[in-house]
Amino acid sequence: MRLNDPSLLRVDSYVDGNWLAGKRRFAVTNPATGEVIANVADLGPAEVTAAIDAAVTAQREWSKRTAKDRAMIMRMWYDLVMANAEDLAVILTTEMGKPLAEAKGEVAYGASFIDWFAEEARRVCGDVLETPQADKRLLTLKQPIGVFGAITPWNFPIAMITRKVAPGIAAGCACVLKPAEQTPLSALALAELAERAGLPSGVMNIVTGMNAPAIGQTLCDDNRIRKMTFTGSTEVGRILMRQSAGSVKKMSLELGGNAPLLVFDDADLDKAVTGAMMSKFRNAGQTCVCANRIFVQDKIYDAFAKQLAEATKALQVGNGLTEGVEQGPIIDNQGLAKIERHVEDAIGKGANLLTGGKPHALGGTFFEPTVLTEMTSDMQLFREETFGPVAALFKFSDEEDAIAMANDSEFGLAAYLFTENAARLFRVSEALEFGIVAVNTGIFSSEVGPFGGLKNSGLGREGSKYGIDEFLEIKFVCVGI
Ligand code: NAP
């Protein structure tokens, strides 16, 4: 891996300000080439408990610092992340596969949470309440929840970490974070930069390891961990919720999606196709907010399908480090198998293949950008997120029909809607049972907007002015005078 600063490539865990080699290692591979790029420390429950010990001690001191002081360290961290954006993007693409331009975008997006929450730290304030009794004075204090556990996925190896750690440490908490097994290097590089920024030892601990269930259980069982924050599959989210019941932890869960994208016949067709391409094919379709089910009104269905298939055929597939590549590999064989299964199931039940549909000639886990039409609700793809580059087009006749199909899902994370009719825009946005509705655009994420889902897509909101509340407790103080 060619880096301007090779010392950013850390392969040991980061616990209490020390780089911990552990007793075993596990291999991290480049999904574009299959090459082993690093052997990383494989920690188990004993080391995780040591990390919790460190976080508990560090949090006491960290929470006593002024918000301004915490913000200044975070701001330094932000500056270092941006100054090293090029290297961070190379590390990210090499371990995860997304095109370098997307990786650079993720570094800036990830950094924006550090910058944003450094500012938010200084705006946490309690209240003085009007009292119903003349001999009492009533106040609320907002205090850090304490030590939190965090578990993050591979598809945004930087942003999913900063979206949790930045609000947490801004609030005066400390954490023990386990990154995904496929993408520990981005997490460790972030820790290296946090250390250089002056973040005190023990405030952010990164435990890498292969035994995710044991690490998760250790975090959930420990009473000193007062909150779990998780991004990943709904299935694992449910496990963590169950395991956290014993110690009644506060939970933030960013789970699976099955995003609908609705195109009405009054939409601007070019805008809708561009938006669908951005939403569908970003990160090779491996994001929780990628459009999974594209519903198109009957009058414009054929025109939309034709234009989308043309744009899809033009996508450049390859190693994300190669200039001009727009779609990298799928993360692993399991991910590839699920995509193949969904496409086969759809074709077997009558879908029509406009382009793609099979593993790419490049081999490995590359998959052809695909467009399917004549999709129906009895197909697997309708119920489960595909997490791959498959645009699946369903037909609808009227607004009521479109809303009913879109809402017919256990998930409720993001939905998209394309229309030039202002009344419809409000009607449909209000009717969709999703935490996020993007109108006439395929991209909506930023540090300013609250990110989170309804139904089985999760609990809580990340980013925005609301994100820091997830790491604060409200204490009521009643003073007799
Ligand atoms: P995953 O299997 O749930 O893994 C996510 C994280 O959980 C990884 O760090 C994984 O560790 C860990 N993990 C796995 N089993 C565990 C267990 N029993 N106890 C504790 N931790 C455990 O999800 P994924 O397949 O990597 O990610 C894709 C999913 O994430 C999709 O469903 C996607 O929609 C969702 N996602 C949601 C959002 C959102 O904001 N809502 C954002 C991104 C992704 P290992 O890597 O070691 O297995």
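Reader: Quick one on Cys220: buried or exposed?
Author: Buried, in this predicted model. Cys220 has 0% relative accessibility.

Reader: And how far is the sulfur of Cys220 from the closest cysteine sulfur?
Author: 15 Å, and that closest sulfur is in Cys175.

Reader: Switching to helices. At what angle do H2 and H5 pack?
Author: About 155°, with the axes 10 Å apart. H2 covers residues 67–83 and H5 covers residues 159–170. That angle makes H2 roughly antiparallel to H5.

Reader: Which residues make the contact?
Author: From H2, Arg70, Met74 and Trp77; from H5, Val165, Ala166, Ile169 and Ala170. By type, 6 are nonpolar, 1 is charged and none is polar.

Reader: Now aromatics. How many pairs in the whole structure?
Author: A search finds 10 aromatic pairs. One of them is Phe295 with Phe394: the ring centres are 5.1 Å apart and the planes sit at 45°, so the pair is tilted.

Reader: Where do Phe295 and Phe394 lie?
Author: Phe295 lies in strand S13 (residues 291–297) and Phe394 in strand S16 (residues 390–396), so the pair ties together parts 99 residues apart in sequence. Both Phe295 and Phe394 are buried.

Reader: Which residues form the aromatic cluster with Phe394?
Author: Phe295 and Phe382; with Phe394 they form one aromatic cluster.

Methods. Residues are numbered from 1 along each chain as its sequence is written. This is a predicted model: local features need pLDDT of at least 70, side-chain atom pairs count only at pLDDT 80 or more; totals for chains, interfaces and linings use all residues. Side-chain values use heavy atoms; hydrogens and water are left out. A disulfide is a pair of cysteine sulfur atoms within 2.5 Å. Buried means under 20% relative accessible area, exposed over 50%, partly exposed in between (1.4 Å probe, protein chains only). Axes are lines fitted to C-alpha atoms, for helices over the stretch in contact, and angles run from 0 to 180 degrees between N-to-C directions. Helices (H or I, at least four residues) and strands (E, at least two) are DSSP runs, numbered from the N terminus. Angles under 35 degrees count as roughly parallel, over 145 as roughly antiparallel, 65 to 115 as roughly perpendicular and the rest as oblique. Contact means heavy atoms within 4.5 Å. Ala, Val, Leu, Ile, Met, Phe, Trp, Tyr, Cys and Pro count as nonpolar, Asp, Glu, Lys and Arg as charged, and the others, Gly among them, as polar. Rings of Phe, Tyr and Trp (its six-membered ring) pair if their centres lie within 6.5 Å; planes under 30 degrees apart count as stacked, over 60 as edge-to-face and the rest as tilted.
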